Amino acid sequence: MNNKWLLGITCCLVCLFAACDDDKNEADLPINGTYSSSSEYAPKVLELYYSEALLRGKYVYLHTEDEKTATITLVDVIPGEKETVLTGVGLTAQSDGTYAFSGQDTDSGHSLTFSGTVEEKKMVLNVEVALPQHELLGSWELTPDPLIINWESSVAFRVSLSGVSVLMYPSDLTSILSSQLAPLIHSALQRVTFGADGNIVATYAKSGQWLPSPTNMVRYYMDGEHIRVFLDLEMILEMILLDTRSEQEEDNTLWDMIVSVQKLFTEGIPMGYRTGANDTAEVFIEQDVLEPFMDETLLSLLSGLIGGDDDNILLSMLPDILEQLPAVFRGTSVFEVGLNLTKE
């Protein structure tokens, strides 16, 4: 082969591999990749603060070609948005080897400000969000009659009252449920606040005082005629355990039920709502939300947690009610259960 041809081919191969190597280095820049707050052992750790409170179980993707400008993608960070893509984010190299960034975004109808730092193995991200305004925004107190129960079924419960077996349709249970549960609700819950950042904060009773629930424990967004509610069930479980027993004790039954619920509502819990005159509102769960719970295993777990109580009419009937609930629910034509609220 002519030496000139051999030299030309060699030069082309050298250039080709050099170009490939440049592409590889570009794609493999140390700060590129997925940062996760779901586990402290993730290869790239995400420390995410939403409304100044830690938000767990989320992912953020970062991609840069020159370590000067990046695209940052937030996954399920803002309620109602599967992905929020932040483009043209400037990166500023710091003396400690990290890159600082900050910015704003209003492209999706929300108002978002963000700031943070990133290095090869860790990202710290602070996010502040204001979602579009809506009619439930603000703080709401419970009305004197706080419980909504609308339940009609063609199938009745057979329950034992003082040793006598009787038939009771769900509509017959309404007055018993209201009289038994209303005082408990008032003693446990004072106020519900729908925040502009997508947080629902409940003012609840603990140790003789009213306290706000933790930020990011319950989040929401408005979805047409429904509210989509997202629960951090791990945080809720931690609160229950801390309030009722030492951290070292385990309650496998409660944990199993929490895991089951979380699997059912990865897309959020849909809740209906209605607003009325004089700054009143109703927020309620409908029939289709509870249908996944009409499972014998799940109801058995719930029955084990609640048990029966002969000194309380409602609790004495609960084992029978839970056992027959799937059959009664199949005959249900109307079902709403929730809270009556008035604007503070």
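Biologist: What percentage of the 344 residues in the protein chain is buried?

Modeller: This is a predicted model, and a residue counts as buried when its relative accessible area is under 20%. By that criterion, the buried part of the 344 residues in the protein chain amounts to 38%.

Biologist: Which residues touch the most other members of the largest nonpolar core?

Modeller: In soluble globular proteins, nonpolar side chains tend to be buried together. Here the largest nonpolar core has 40 residues, and helix α7 (residues 313-330) supplies the largest share of this core, 7 residues. A second, separate core of 26 residues includes Tyr50, Leu91, Leu112 and Val129. Within the largest core, the members that touch the most others are Phe157, Leu173, Phe194, Ile227 and Val229.

Biologist: Is glutamine 104 buried or exposed?

Modeller: Glutamine 104 lies in strand β8, which spans residues 99-105, and the protein chain has 7 helices and 21 strands. The cut-off for an exposed residue is a relative accessible area over 50%. Because glutamine 104 has a relative accessibility of 68%, it counts as exposed.

Biologist: Which residues are in contact with glutamine 104, leaving aside its neighbours within four places in sequence?

Modeller: A contact requires heavy atoms within 4.5 Å. As for leucine 86, which is 18 residues away along the chain, its C-alpha atom is separated from that of glutamine 104 by 8.6 Å. With neighbours within four places in sequence left aside, the residues in contact with glutamine 104 are Leu112, Thr113 and Phe114.

Definitions and conventions:
Residues are numbered from 1 along each chain as its sequence is written. This is a predicted model: local features need pLDDT of at least 70, side-chain atom pairs count only at pLDDT 80 or more; totals for chains, interfaces and linings use all residues. Side-chain values use heavy atoms; hydrogens and water are left out. Helices (H or I, at least four residues) and strands (E, at least two) are DSSP runs, numbered from the N terminus. Buried means under 20% relative accessible area, exposed over 50%, partly exposed in between (1.4 Å probe, protein chains only). A nonpolar core is a set of buried Ala, Val, Leu, Ile, Met, Phe, Trp, Tyr and Cys residues joined through side-chain atoms within 4.5 Å.
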